[in-house]
Amino acid sequence: MSGRWNKLGQLYQPPEQGRHPKLLSHAANPLPVHMEGDVYRVFFSGRDGSNRSSVGAVDVDVVKRLVVRDHHEPFITHGPDGSFYADGISIGNCYEADGRRYMLFMGWQAPDDAHWRGDVGRLVVNADLSLTLEGTTPFMPSDAEDPISLSYPWVIRHDDDHYSMWYGSTVNWDTGHGEMLHVIKAASSADGHHWRRDGLAIPFKLGVAQAFSRPTVARQPDGCYSMWFSYRSGAGETYRIGHATSHDGVTWDLALEQAGITVSPEGWDSEMIEYPFVFDHDGQRYMLYNGNGYGKTGFGLAVWADA
């Protein structure tokens, strides 16, 4: 694969005034759901004054690059104290199983006496695009394979109706220089509900790419797979967007140099870029992504151009 992402600019930044208390700042982890024509409802994770994240949304025309409607009320809020999503909801992507649409998310916990951590939860996306929590316990909790913390799941449904998932898993919080080792693992399912965890998917390199998050996977015309993700090197840099390739969706090669996008010389995405979401619309491949401040400056849009 050769080409690059042409940035189309900052698409949405949360206004400084008039926001719901649960959506005071940030529009992280943009997740588009097609509505009609060129209009998508882009769900995102906004934050309250205590940095707890809830899910908001804006409706955008991706061709005109225009916000059609800004929804000022949250679609679902973080959970009560003691719940697995008490300190936030960070959304992954949507998929369908048995005729129902689901949205997976990372549920945050930040207890006073321990390190923050996450588990995977599942929301039901209703016909009117409202969101309902499926259960009060994690859909995919920590276990012997993933004993520390989980993050940002991405699911695709294959042509033969089996499912693949890629998700983040913490190996340790510090590899010796203040940076965690958080890798992307794989899971598989025959029905979209029951999952087998299959272990490490994306190779990591300490000091090069070792803190991964928010994978987004797309098929290429030749049947191969591309993945974009956030990563940090462990050498002190902020997030960048990286890339990996696979012929079968199972065995992956790290290909950071093929990401096709990096920080801008100045502006809203000049310090970091992260949390990509790749999707196809009307013959074009687009990427929604965040910039400076982990989504504090909102999200932008880019379009893929072959070399």
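Modeller: Seven of the eight residues of strand β10 (residues 150–157) are buried, so β10 is largely enclosed by the rest of the structure. Buried means under 20% relative accessible area, exposed means over 50%, and partly exposed lies in between (1.4 Å probe, protein chains only). Strands are DSSP runs of E with at least two residues, helices are runs of H or I with at least four, and both are numbered from the N terminus. This is a predicted model: local features need pLDDT of at least 70, side-chain atom pairs count only at pLDDT 80 or more, and totals for chains, interfaces and linings use all residues. Residues are numbered from 1 along each chain as its sequence is written, and side-chain values use heavy atoms, with hydrogens and water left out.

Look inside β10 at Y152. Its relative accessibility is 6%, so Y152 counts as buried. Its phi is near 25°, a positive value in a residue that is not glycine.

Now the partner. Six bridges pair β10 with strand β11 (residues 163–172) in the antiparallel sense. Strands count as paired if DSSP finds at least two bridges between them. Within this pair, R157 faces Y163 of β11.

The link comes next. β10 and β11 make a hairpin with five residues between the strands, and there D161 has a positive phi near 75°. D161 sits in the loop between β10 and β11. It is partly exposed, because its relative accessibility is 40%. From D161 to L31, 130 residues away along the chain, the C-alpha separation is 23 Å.

N29 is not a glycine, yet its phi is about 55°. With a relative accessible area of 2%, N29 is buried.

β18 is mostly covered, with seven of its eight residues buried. Six bridges connect β18 and β19, which run antiparallel. E274 has N290 of β19 as its bridge partner. β19 (residues 284–290) in turn is joined to β20 (residues 299–306) by five bridges, again antiparallel. L288 faces L301 of β20.

These strands belong to an open, antiparallel sheet of four, in the order β1-β20-β19-β18. β1 (3–12) and β18 (274–281) are the edges, each with a single partner strand, so one side of each has no neighbour in the sheet. Neighbouring strands are turned by 25° against each other on average, direction ignored.

One surface feature stands apart from this. L200, F204 and L206 make a nonpolar surface patch of about 280 Å². L200 belongs to strand β13 (residues 196–200). Its relative accessible area is 48%, so L200 is partly exposed.

Finally, the whole chain. It has zero helices and 20 strands. Its radius of gyration, taken over C-alpha atoms, is 18 Å, close to the 19 Å of the globule rule for 307 residues, so the chain is as compact as a globular protein of that length. That rule is 2.2 Å times the number of residues to the power 0.38. The C-alpha atoms fill a box of roughly 50 × 45 × 45 Å along the principal axes. Of the 307 residues, 55% are buried.

Notes:
Patch = residues over 30% accessible without salt bridge, like charges linked within 9 Å, V, L, I, M, F, W, Y side chains within 5 Å. Areas by Shrake-Rupley, 256 points an atom, 1.4 Å probe, with all protein chains shown as cover. Salt bridge = Lys/Arg side-chain N within 4 Å of Asp/Glu carboxyl O. Axes fitted to C-alpha atoms, helices over the stretch in contact; angles between N-to-C directions.
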